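Dear colleague,

I am passing on the structure that follows, together with some notes on what was found in it. Please read the notes with the coordinates open beside you.

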Amino acid sequence: MSQEQWKAVDTYFADLLVPPDPVLDATRKDSAAAGLPPHNVAPNQGKLLQLLAQMRGACTILEIGTLGGYSTIWLARALPPDGRLITLEANPEYAAVASRNIAWAGLSAVVDLRVGKATETLPLLAQEGIAPFDLIFIDADKPSNPDYLAWALKFSGPGTVLVADNVVRNGGVVDPTSTDPSIRGIRRFCELLAAEPRVSATAIQTVGSKGYDGFILAVVKG
Ligand code: SAH
Ligand code: DHB
Ligand code: MG
């Protein structure tokens, strides 16, 4: 099994099930052209996020980690016209790219992009009383995942869906001696999730165009 094969299978399914979309395709191209790291979810993963939001009937979504707005657009399109997605991005240059992509997508009225470190913007959000969110997507700096889990739980209610990207990292997650701050953050995040009586969670490994990784899926109990 090889990266080449994983990519071919991703392409096969995406060609069949994820039709080309001018806005999403332009967002990916624009993000790459602007020099953003290739960390956006793959098209079939973006569609998974959208399906999860639709299955939940989400009206409010929180995303931590916007990059160029690719996953943001997938998620925001699942919302009803009066829905709202708040997305948090630390890097002002990335946020500028996201902002123009969200505008091209016609989603500026639905998406509220907040620039700043999430550990600084999350407490401000708490003061606004917008929570609970129906779906929360955690996809920013992995060392902060334990903090993001605490915030996600604060911003949750019964039935809130939690998704966290990149929890496998090429299998690195199983190394208890790892000194990689991302691995340590992910392991701590998973341990906290496991010990949290308010959630039911699982983890899924994935291979594909982005290599070998995976995601956490959880729901807050009623
Ligand atoms: N969700 C995006 C990819 C996000 S990549 C997609 O799938 O399209 C991770 C993003 O988190 C990067 O843009 C990075 O700048 C941002 N980030 C890193 N540290 C952060 C922090 N402390 N607060 C908010 N965003 C952060
Ligand atoms: C990285 C971050 C991501 O959100 C991702 O999907 C892939 C890689 C990273 O920081 O390496
Ligand atoms: Mg990610």
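Which atom of glycine 65 lies 2.8 Å from a nitrogen atom of ligand 1? A backbone N or O atom of glycine 65 does, a polar contact being here a pair of N or O atoms within 3.5 Å, where within protein one must be able to donate a hydrogen and the other to accept it, and residues adjacent in sequence count only if both atoms are side-chain atoms.

Before going further, please note that this is a predicted model, in which local features need pLDDT of at least 70 and side-chain atom pairs count only at pLDDT 80 or more, while totals for chains, interfaces and linings use all residues. Residues are numbered from 1 along each chain as its sequence is written, chains are lettered from A and ligands numbered from 1 in the order in which they are written, and side-chain values use heavy atoms, with hydrogens and water left out.

To return to ligand 1, an N or O atom in the side chain of serine 71 is 2.8 Å from a nitrogen atom of this ligand, and a backbone N or O atom of alanine 90 lies 3.2 Å from a nitrogen atom of ligand 1. On its own ligand 1 has 580 Å² of accessible area, of which the protein covers 88% (Shrake-Rupley method with a 1.4 Å probe; for residues, only the protein chains shown count as cover). There are 22 residues around ligand 1, and those that come nearest are Gly65, Ser71, Glu89, Ala118 and Asp139, where a residue is near a molecule or strand if one of its heavy atoms lies within 4 Å of it.

A polar side-chain atom of aspartate 139 lies 2.7 Å from an oxygen atom of ligand 2, the corresponding distance for asparagine 166 is 2.8 Å, and for an N or O atom in the side chain of lysine 142 it is 3.2 Å. The protein buries 74% of the 300 Å² that ligand 2 exposes when taken alone.

The magnesium ion (ligand 3) is coordinated at 2.1 Å by Asp139 (OD), Asp165 (OD) and Asn166 (OD1), and these donor residues are spaced D-x25-D-N in sequence. Donors are N, O and S atoms within 2.8 Å of the metal (3.2 Å for Na, K and Ca), and since water is not among the atoms, sites may look incomplete. Aspartate 165 is buried because its relative accessible area is 8%, and asparagine 166 is buried at 10% (buried means under 20% relative accessible area, exposed over 50% and partly exposed in between, with a 1.4 Å probe and protein chains only).

As for aromatic residues, the structure holds three aromatic pairs, which are rings of Phe, Tyr and Trp (its six-membered ring) with centres within 6.5 Å, counted as stacked if the planes are under 30 degrees apart, edge-to-face if over 60 and tilted otherwise. The rings of tyrosine 12 and phenylalanine 13 have their centres 5.2 Å apart and their planes at 65 degrees, so this pair is edge-to-face. For tryptophan 151 and phenylalanine 155 the centres are 5.7 Å apart and the planes are at 35 degrees, so that pair is tilted.

With kind regards
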